[in-house]
Amino acid sequence: MKTLILTGSPRKRGHTAELAEYLAARLSGETEILSLDNRKDITPCRDCRYCFSHGACCIEDSMQEIYRKLDEADRIVFAAPVYFYNIPGSMKAVLDRLQVYWAAVVRGDKAPAAKKGGIVLVGGAPESPRQFLGAVQTLRYMLEDLGAECMEPVTMGGSDKKGLSERPDIKERLERLAGRLNE
């Protein structure tokens, strides 16, 4: 089993990285954590519709590698900080380029969900019921288009005050997510 964890945090050793690494250590098989923040050459989707007729994106940049890794993965996890109720720009640029997978849905070429997916989100503000709603909804749809069944998202608010080492509840949820992904 191959797992691809895409992280969207600009902080290399921040809370998002810590949660992603904690999860990765509990997954069976091969796991790769790929930071999207250092992929500065990824240009926005142009909505040119090339992918609707060709099944591929016409833009040649780092996304070609990401497409390959997504296609090879059995499990896909999006891990990101949440800034003002949404994911950071580096991850958003990549998500917009996943139009290739939506085009497959439109063409009727999309296979049923055969992969498993996860969402791990971190927010600095005190946890609130609506804090992660927008980001979770966006990432759920992305996983669906990628042919991945989304497991229960793991969210950690209040990271400005407490990290993972002080949050046994979050560790337990990450362990539960790993268990579901390993099934």
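At 32% relative accessibility, Cys 58 is partly exposed, a label for values between buried (under 20% relative accessible area) and exposed (over 50%), found with a 1.4 Å probe on protein chains only. The model is a predicted one, in which local features need pLDDT of at least 70 and side-chain atom pairs count only at pLDDT 80 or more, while totals for chains, interfaces and linings use all residues. Residues are numbered from 1 along each chain as its sequence is written, and side-chain values use heavy atoms, with hydrogens and water left out.

Cys 58 takes part in no disulfide, and the nearest cysteine sulfur, 3.8 Å away, belongs to Cys 48. A disulfide is a pair of cysteine sulfur atoms within 2.5 Å, and the structure holds zero of them. Cys 48 is likewise in no disulfide, with the sulfur of Cys 58 as its nearest cysteine sulfur at 3.8 Å. Cys 48 is partly exposed, at a relative accessible area of 46%.

One cavity of 30 Å³ or more is present, and the largest cavity has a volume of about 110 Å³. Its lining is made of 16 residues, and those nearest the centre are Cys 45, Arg 46, Cys 48, Cys 51 and Cys 57. By type, the lining of the largest cavity has ten nonpolar residues, one polar and five charged. Here Ala, Val, Leu, Ile, Met, Phe, Trp, Tyr, Cys and Pro count as nonpolar, Asp, Glu, Lys and Arg as charged, and the others, Gly among them, as polar. On a 1 Å grid over the protein atoms alone, a cavity is a set of points where a 1.4 Å probe fits but cannot get out, whereas a pocket is an open set with protein on both sides within 12 Å along at least five of seven lines; lining residues have an atom within 4 Å of a point. Grid points are joined across faces, edges and corners, and a volume is the space filled by probe spheres set on the points.

The largest pocket holds about 170 Å³ of space. It is lined by 14 residues, with Arg 11, Pro 81, Tyr 83, Val 122 and Ser 159 closest to its centre. Five nonpolar, seven polar and two charged residues make up that lining.

Turning to the backbone, Phe 84 has a positive phi of about 50° although it is not a glycine. Phe 84 sits in the loop between strand 3 (75–81) and helix 4 (89–96), and is exposed at 80% relative accessible area. Helices (H or I, at least four residues) and strands (E, at least two) are DSSP runs, numbered from the N terminus.

The largest nonpolar core has 36 residues, of which Leu 70, Phe 78, Leu 98 and Leu 121 touch the most other members. Such a core is a set of buried Ala, Val, Leu, Ile, Met, Phe, Trp, Tyr and Cys residues joined through side-chain atoms within 4.5 Å. Among the elements that give two or more residues to this core are helix 3 (63–72) and strand 4 (115–122), and helix 6 gives the most, with five residues.
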